[in-house]
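Please read the points below alongside the sequence and the model.

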Amino acid sequence: MAGTSSVRIVLVVVFGVLALIGSAQAQLQMNFYASSCPKAEQIVLDYVKQHIPNAPSLAASFLRMHFHDCIVRGCDASVLLNSTSGQAEKNAVPNLTVRGFDFIERVKSLLEAECPGVVSCADILALVARDSVLTTGGPFWNVPTGRRDGVISNITEANANIPSPFHNFTTLLTLFSNQGLNLTDLVLLSGGHTIGISHCPAVSRRLYNSTGAGGIDPTMDSEYAENLKAHKCKTASDNTTILEMDPGSRKTFDLSYYSLLLKRRGLFQSDAALTTDSTSLAFINQLLTSSPQFFFDEFAKAMEKMGRVNVKTGSEGQIRKQCALVNN
């Protein structure tokens, strides 16, 4: 009996070790496609380098698309899926102004021609986001690969989980915490707004429907607000005018976004909210008194962490043939 028990214990330990190894192998890894599609990452980079210099504003859009994907159901390319009934994530209010879906689909077609059914749309989006930012002069970050594509995309989940320009600090931190991201990640990932653009509806209530003089949000610099009303969002109903989130520096990935926050010139309520928490404010000041490389390095860590949120690996999900459609 003692011998039998020993055998059982050994078997349990052996199978336990095997299970751990299997789990480790199923996680993301650098150069995941080195054997199955060795040219994959170079194909993505070459396409980005060929086209992004002609449309550099897409870098911000891909950064946003990647974030919106990861914050809902994890980084599984669910944001790319179409819905015949208009009920997919891309139909949610926060995603109506996201651009570049056709760009991702073109990259996918190149990879399908090279290695059919191998490279996931989730990995393509993660790589395109990184390569686009890098191509426009922003930081590099590691993109471990091996993500699989999800098969569910839900408009309600997107509306509930994607942070809004109108959110306060507590709500923002809760939404980030729900995905395993912390206060530091919130401040750093918000720094992506340094190359961002938006439209008047995201700020009109701060300009026209707040408690300050003339309807202006009292937490917003009055000169900045008056300038926006005079030259950009001339009416509360303007839905089309494009706004720079980092005026004068939008094409440069730098620290000026944080400098503007301290001057009460953050465009969104959610930008201004970052200065309402003492820990967040202290970190913003740390970024501003450190080298630009420190910001790049910290932003890179946050992006890699975000890219690992609730990923599907191993046999989960699928590898879509087209990014907008679940495989039949």
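1. The model is predicted: local features need pLDDT of at least 70, side-chain atom pairs count only at pLDDT 80 or more, and totals for chains, interfaces and linings use all residues. Residues are numbered from 1 along each chain as its sequence is written, and side-chain values use heavy atoms, with hydrogens and water left out.

2. The largest nonpolar core has 75 residues, of which Phe62, Phe103, Ile104, Val128, Tyr258 and Phe295 touch the most other members. Helix α5 (residues 121-135) gives the most to this core, namely nine residues. Another core lies apart from it and has 14 residues, including Cys200, Val203, Leu207 and Leu228. A nonpolar core is here a set of buried Ala, Val, Leu, Ile, Met, Phe, Trp, Tyr and Cys residues joined through side-chain atoms within 4.5 Å. Buried means under 20% relative accessible area, exposed over 50%, and partly exposed in between (1.4 Å probe, protein chains only). Helices (H or I, at least four residues) and strands (E, at least two) are DSSP runs numbered from the N terminus.

3. Ile104 is in contact (heavy atoms within 4.5 Å) with Phe62, Met65, Leu80, Ile124, Leu125, Val128 and Cys323, leaving aside its neighbours within four places in sequence.

4. How do helices α3 and α4 pack? Helix α3 (residues 58-70) meets helix α4 (residues 101-114) at an angle of about 85 degrees, and their axes are 10 Å apart. The two helices are therefore roughly perpendicular to each other. Leu58, Phe62 and Met65 of α3 make the contact with Phe101, Phe103 and Ile104 of α4. Axes are lines fitted to C-alpha atoms, for helices over the stretch in contact, and angles run from 0 to 180 degrees between N-to-C directions. Angles under 35 degrees count as roughly parallel, over 145 as roughly antiparallel, 65 to 115 as roughly perpendicular and the rest as oblique.

5. The loop between α3 and α4 holds Arg73, Ala77 and Pro94. Most residues other than glycine have a negative phi. Arg73, however, has a positive phi of about 65 degrees, and Ala77 has a positive phi of about 60 degrees. Arg73 is partly exposed at 32% relative accessibility, whereas Ala77 is buried at 0%.

6. Pro94 is buried, with a relative accessible area of 18%. Not counting residues up to four places away in sequence, Pro94 touches Arg64, His68, Ala158, Asn159 and Ile162. The C-alpha atoms of Pro94 and Ala158 are separated by 7.8 Å, although the two residues are 64 residues apart along the chain.

7. A search of the whole structure finds 12 aromatic pairs. One of them, Phe32 with Tyr33, is edge-to-face, at 5.1 Å centre to centre and 90 degrees between the planes. Phe32 is partly exposed at 35%, while Tyr33 is buried at 3%. Ring pairs also link Trp141, Phe253, Tyr257, Tyr258, Phe295, Phe296 and Phe299 into a cluster. Rings of Phe, Tyr and Trp (its six-membered ring) pair if their centres lie within 6.5 Å; planes under 30 degrees apart count as stacked, over 60 as edge-to-face and the rest as tilted.

8. Lys90 lies over the face of Phe101, at 4.3 Å from the ring centre. The charged end of Arg205 sits over the ring of Phe166, 3.8 Å from its centre. The criterion is that NZ of Lys or CZ of Arg is within 6 Å of the ring centre and within 35 degrees of the ring normal.
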